[in-house]
Each structure stands twice: as structure tokens, then as C-alpha cells.
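Subject: Structure for you to look at

Hello,

Here is the structure I promised to hand over. Please open it first, then read my notes below.

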Amino acid sequence: MGEAVDVQSLELVSVIGFGGNIPGGLVSHPDGQHIIYPLGCTVIVEDIQKNKQSFLSGHSDSVSCLACSTSGNFLASGQVTHMGFKADVIVWQFKERALYCRLTLHMVKVQAVSFSPNDKYMASLGGQDDNSVVIWDLEKKEAVCGSQAAMQSAGPVYALAFCNTRDDLFVTGGNHTLRVWELSPETRKIVATDCNLGQLKRIVHCIQIAPGDDYMFCGTSSGDVLQVNLSTRLIQFYGPQKNKLSCGIQSLQLLPNGGMLVGSGEGTLTTLLPSLKRTRTMSRVSGTVSSIALSKDSKQFYVGTGNSQRYVVELESFSPQLISSSHCSKVTDVCFPQKSSDLFATSSYSDVRVWHADTGKELLRLSTPNVTCHAVAFTPNGKAIITAWDDGKIRAFYPQSGKPMYTISDAHNKGVTALACMSDSRTVISGGGEGQVRVWEVNKSGQHMTAALKEHTGTVTCIKLRNNDEECVTASTDGTCIIWDLIKLVRSQVIFANTMFHAVCYRPDECQIVTAGTDRKIGYWETHDGSQIRELDGSESASINGMDVHGTRFLTGGGDKLIKVWDYDRGEVTHIGIGHSAEVTKVKVAPNGCHAVSVSVDGAILRWKMLPTALLGPPSST
């Protein structure tokens, strides 16, 4: 086997994605040059002028909240974890992009974090299973004190905000609870005072405090804003009285003129006067408005939505401009055109998207509402994008306009789950949920099925073709991989294993195939007789869902959230990529071998740097 290989870190180049379902997850840095947002277990710092990203990695699970200090020197991010375990709060040094301290007290989830105005303290709020608020001393990196966030008669607490001029005063709000807290550093205690809202019953989702700390404004699920006096803890008034915002106010941002920006659960953006009356200024975005971040000059603001889209809006024109979009549900497949490494396509629920690899910009969206696309492929001549859908249809689109080219209805009766296209770009091979493999001929007169290969008894998960188009291999959840003779349209070889196969690939010289699946094993097999050559432990904890061979190496990704680069002959891991926070579904190496793309259940698309590799020579004796 030779000497052991030193496992190196795979370099993460760029990320397409945005955790839009996190309240206040899109943050504008005080320097006016950076915006910060979460994606999975990573915090992304994006330079909006240079269009570059840097990544803060340290969380073991998805980031649940994010905050930036007034000075801009610190960032804080909280996470969720499994039931019964403690969730971390990480404080980052912004300039160094380095971890400053890790603070652990809350159980299961950190709901919100906030910095005091002079960076002396940080407050963190636990989730529903924790129901506590903790004050941390940033200089000593330790907890000062903590308390139960709300009375037992109240519901969960959702919002947290420090005052703008005092380090010892902050507020929390939630389900039928709104409290002002005062810190006493000498006695290491915090004392809460409940605000008197009279007969009003409200669920507070977001809180903003006026610059002079006179009032706080609370956005509620009822679609109105409460104005509460911070000195007397009494409600002053609330509004708008008429035309409340549908689905509640999910985000709130104060303006220098005394008014405020509000975003609703149905995607409405509008402004309120200081009297809390609605103005005529209004626009709509796609999805729940989960965060609003005002720019440094207050002439524009950034909006993050629950559909994982980010907008920039000029205050004067008030017209949203989309600056980035991403999948908000599971990404099921990824593919490159045969001779291009500049573009790639991904499939998900309701749509297929084509991306520019270097910039991460969305170039094309092929939408089919309320159905899931399981697989996507470019024809070798580049004149069509072929997609497989769970409604049993194969749909082809023009790659430039995105208009439909043709549809094969009832291609499979349990959904189309896998696709491959021959080099003539006229023959399509599809696999279905019922286990059949079907061959389709596409020409000017229409689309016709030329063969149905019935061997698999489970869902066909992957189809790979030989270069000469005379043979293909299909993987299935029934524990078999079948090599098909496409000239005689019969089975050539079959491979059995005690697993559900998720991925199969040909070795570049096509004398071997490599398989992976739920048993966490990577198998090497001879194509001429189906005998097993080698078996590797592909993962220690979870199934392998995606695999791609390129030259002397191959990539794997799966339930352990890691991207692994393997040396084919040695059967050893050479690089590991850490960045996904959810199960990886597919991986693909670009045709030039310079970068690879991986996709995951949470909608994230990650691009990794790879060094080009030579093609494999004859198989080594093992």
C-alpha cells in the first residue's frame, strides 16, 4: 500500500447560499464594506466592493443567530445542537477573521445574541428548551450572571437587544412577554421588570431601541409595532391601527428621520412614520422578510428573505434589486457541461438553476412548480438541458432562453430518478422509482422509447455511460449495480452487495467501476466479470451519497458532511473539505479538474479548489 498520505485541508473557494430563515441573519458591518450572513455551520463575511468571501468555521451544527458589535471589532454567532446537549456561542475578531472565544452554557439552541454599546458585555438568549438569558464579560471571556428569560406562564422568548448608550440595560421580548433587564456588575445579578402593555396580548418577534434610549419599538406577529417607554416601562401607543401587515412583522429597522423600515411574513416591505402610520411606500420581495440591514450612509438597505434571496433597496426609489439567490430546499443533483468548467447546473424542489462558477451568479432558472427535480444533465452538444422529475416526466429545456424544448410524459410511473445522455445527444437513458431503466430516442418527429430494461427492484439512483456508448452501469437501492449491453439491450454483469447503492462511477480507462452507498463502503469492481477487487471504509458514521472520478483521484460526500478526495490506486484520503452543515447529496469535479462543486440538503452549493490531475494509467496490482 505504500506510505501513509498526510491528509490536507481542501480549500473552500466560494459558497452559494444564504440561511434566510434565521431572524436578523443578514448583518451590515459598520465599515460599510462588508455584509455578514450564515449558511449552515459557517459564517460568511462578504466584501461587497471586491466581491470576495471569507469564511468563519467553528460551529458543529447550524448557526441560529448572528450579531455584530457597534464598533465592528467583534462578531457573535450562536448555534443549534441535538436535544440534551449544550449549544455554543462563538465570538469572532472581525479584522483577524479569527475565533476570540467560545462560550458554552445554553442547552439545545441559542436564540439571539447582542453586544453592549462599548463592547464590554454580550448577552445571549437560549431557545425554548433553555429559556435563559446570560451576560458575558468579553474581556474576561466568562459568564457574569444569568437568569430565566421569562416567567413560566409566558411562552418562548424570541428577541434580544442592548441599549445604545448603557452597558447595563437590555430588553427581551417573546410570546406574551416583554422585559427590561438591568445589570449590576458588583452583585453579579440581573433584575427584570415586565413592561405594562395594558390589555394588549402580543408575540414580539423583533426589537429596536431608539438612539437616545427613550423608547423601544417591537414588531409583533399581529402585524403592528409597539412603542414602549424605556424609563416607565409603559406602552405609549401602537400602530398601524389600520392595514396591519399580513403574517406579522418579522424584521424592523429604525431610520435616521425617526421613521422605520418593516418587513412582513408575506414579503411586504414598507416604511412607518414616527406616528407608526403606514406610508404609501411599499414593495414586495419573494419570501418572508427575515432581516433588514441598513447601510452605513443610510441611503440603502439590504433585505434577506426566507427563500434564501438577498436584495438591495434604495431608500428613494424603494425598488428591490436582487443581488443573490440560492436554493432554499434540498439540492438533489449537480452537473457540468461536457466541455465547460465555467457553468454548472443544480436541481431542487420546483426548479433547476444554472450558475456561473467563478462569480456564483444565477444565469438561468427553469421553474416547474410543486414538483421535485431529481436529476439534471447537459446534452454533449450543449443544445439542451434534460431534467428528471418526480411527477414521472422528463423535461428538456433550451439552455439559453430556458424555454421548454420537449416533455416525455409518463416516462416512469414512480418518478424519474436518474438520467444520462449519449454522445449523439439524441439518446436518453432514464431510471425510475419503480426500478426500470428505459432508453429514449429523441428526434424531430418526437420522443420514442426504444427499450425497457427490467432487472432492478428498487429505485435507480445513478446511471453512468461508457465513452463509446456501448455500455452503461446503473446503481439501485435494491443492493445491485447492473452493467448493461446497450447494443443487445441485455444485462452484461450484475454486482450484489448488502447495501443501497447511491453512486457508481467508471474508472477513466473503464476497466473498473467504483460504488458507494449506505453501508459506508467504497467498492472497486471489475467490469468484465463483476468481481470485487477492493473495499474501503468511505465514512465512519454515515452513508455516501455522491461520488465522482477524475483522473487519479475521486471525490466522495455523504451524511458525515465531509468532502473527501481519494487517491484511486492507494485507496487513501488525501484531502478533506469541511464546510457543509447538512448531509451532502452530490459532488462533481469540473471537466478541467481545477475545481469541484458539492451540494447538500440545506440548499448550500460549495465550490472547492482542486489541482489538475493526470489520467490514470493501467490498474495497479492490489
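Predicted model: local features only at pLDDT ≥ 70, side-chain atom pairs only at ≥ 80, totals over all residues.

Strand S40 covers residues 436-443. S40 and S41 run antiparallel, and 8 bridges join them.

Next, step back to the sheet. It is open and has 4 strands, in the order S38-S39-S40-S41. The pairing is antiparallel. Which strands stand at the edges? They are S38 (416-421) and S41 (446-454). Each has a single partner strand, so one side of each is left without a neighbour in the sheet. On average, neighbouring strands of this sheet are turned by 25 degrees against each other, direction ignored.

Then move to another part of the chain. UniProt, in an unreviewed entry, places the feature "domain: EML-like first beta-propeller" at residues 52-308. Over residues 52-308, the chain is 56% strand and 0% helix. The end C-alpha atoms of that stretch are 19 Å apart.

Last, find Leu-276. It lies in the loop between strand S25 (268-272) and strand S26 (278-284). Is Leu-276 buried or exposed? Its relative accessible area is 1%, so Leu-276 is buried; the cut-off for buried is under 20%.

What does Leu-276 contact, leaving aside its neighbours within four places in sequence? The partners are Phe-217, Val-225, Gln-227, Phe-237, Tyr-238, Gly-239, Pro-240 and Met-260. Take Phe-237 from that list. Leu-276 and Phe-237 are 39 residues apart along the chain, and their C-alpha atoms are separated by 8.7 Å.

Best wishes

Definitions and conventions:
Residues numbered from 1 in each chain as written. Heavy atoms only, no water. Helix = DSSP H or I, 4+ residues; strand = E, 2+ residues; numbered from the N terminus. Buried < 20%, exposed > 50% of the residue type's maximum accessible area, 1.4 Å probe, protein only. Contact = heavy atoms within 4.5 Å. Pairing = 2+ DSSP bridges. Axes fitted to C-alpha atoms, helices over the stretch in contact; angles between N-to-C directions. UniProt positions renumbered as here; feature names shortened; annotations may be inferred.
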